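Welcome, and thanks for taking a look at this one with me. Please open the sequence and the structure side by side, and then work through the points below.

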Amino acid sequence: MAWETVPDDESVPAVERDFGRLWRGADKIVYSRTLPSVSSERTTLERALDVDAVRRLKDASDRDLLIGGPALAGAALHAGLVDECRLFVSPVLVGGGTAAWPDGLRSRLKLRDVRRFGNGVVHLRHDVLDAV
């Protein structure tokens with residue numbers, strides 16, 4: 001995992017150092033049916049998403065939880081676990097690949113923030129109003 005080995009010095013941009021520190025200090029759960037093991041510290045491997053366990057974790061947490069990956073995020077949205085979506089849109093078109101959202105997902109969103117970067121990337125932050 002790249003964030004496990006990001007140098008904590010001036011050789012990388014401050015934003016990458018900061019995220020690397022946050023990543024290394026966070027407890028993580030990897031959901032995978034095929035990965036044999038995890039090598040990152042503070043990381044647990046689970047074979048399937050347990051919606052009730054994630055809901056309990058969310059209710060007990062005093063911090064934000066991050067869900068990455070379209071399949072996992074879609075399942076969490078379907079289960080009503082997601083309060084906010086953040087999407088980075090890059091100025092590059094690439095056909096094919098995994099869709100950002102799974103088939104059958106419908107959710108109303110409310111735009112909370114837009115941030116434009118000098119390289120053309122746009123960060124969109126939405127509150128999830130409902131998911132079905």
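How do the residues of the lining of the largest pocket divide into nonpolar, polar and charged? Point 3 has the answer, after a few words on the ground rules.

1. **Ground rules.** Please keep in mind that this is a predicted model, in which local features need pLDDT of at least 70 and side-chain atom pairs count only at pLDDT 80 or more, while totals for chains, interfaces and linings use all residues. Residues are numbered from 1 along each chain as its sequence is written, and side-chain values use heavy atoms, with hydrogens and water left out.

2. **Overall layout.** The protein has three helices and five strands; helices (H or I, at least four residues) and strands (E, at least two) are DSSP runs, numbered from the N terminus. Read from the N terminus on, the order of elements is α-β-β-α-α-β-β-β. Along the principal axes, the C-alpha atoms fill a box of roughly 45 × 35 × 35 Å. Of the 132 residues, 15% are buried. Here buried means under 20% relative accessible area, exposed means over 50%, and partly exposed is in between (1.4 Å probe, protein chains only).

3. **The largest pocket.** Its volume is about 2,200 Å³. Asp64, Leu65, Leu66, Ile67 and Gly68 are the closest to the centre among the 45 residues that line this pocket. Two or more lining residues come from each of α1 (14-25), β1 (28-31), α2 (51-60), α3 (70-78) and β3 (84-89). To answer the opening question, the lining holds 28 nonpolar, seven polar and ten charged residues. Ala, Val, Leu, Ile, Met, Phe, Trp, Tyr, Cys and Pro count as nonpolar, Asp, Glu, Lys and Arg as charged, and the others, Gly among them, as polar. A pocket is an open set of points on a 1 Å grid over the protein atoms alone, where a 1.4 Å probe fits, with protein on both sides within 12 Å along at least five of seven lines; lining residues have an atom within 4 Å of a point. Grid points are joined across faces, edges and corners, and the volume is the space filled by probe spheres set on them.

4. **A nonpolar patch.** On the surface, Phe19, Leu22 and Leu66 form a nonpolar patch with about 340 Å² of accessible area together. Leu66 sits in the loop between α2 and α3 and counts as exposed because its relative accessibility is 71%. Patches are made of residues with over 30% relative accessible area and no salt bridge, with nonpolar side chains (Val, Leu, Ile, Met, Phe, Trp, Tyr) joined within 5 Å and like charges within 9 Å. The areas come from the Shrake-Rupley method with a 1.4 Å probe, and for residues only the protein chains shown count as cover.

5. The whole structure has twelve salt bridges, each a side-chain nitrogen of Lys or Arg within 4 Å of a carboxyl oxygen of Asp or Glu. In one of them, Asp8 meets Arg21 at 2.7 Å, N to O. Asp8 lies in the segment before α1 and Arg21 in helix α1, so this pair ties together parts that are 13 residues apart in sequence. Asp8, at 45% relative accessibility, is partly exposed, and so is Arg21 at 40%. Glu10 also forms a salt bridge with Arg17, with 3.7 Å between the closest N and O atoms. Glu10 is exposed at 69%, whereas Arg17 is buried at 12%.

6. **Salt bridges among the strands.** Asp130 pairs with Arg108, their closest N and O atoms being 3.0 Å apart. This pair links distant parts of the chain, with Asp130 in strand β5 (residues 122-131) and Arg108 in strand β4 (residues 107-116), 22 residues apart. Asp130 is partly exposed at 31%, as is Arg108 at 49%. Salt bridges that share partners also join Glu84, Arg86, Arg112, Arg125 and Asp127 into one network.

7. **A backbone detail to check.** Most residues other than glycine have a negative phi. Arg42 has a positive phi, near 60°. Arg42 lies in the loop between β1 and β2 and is partly exposed, with a relative accessible area of 44%.
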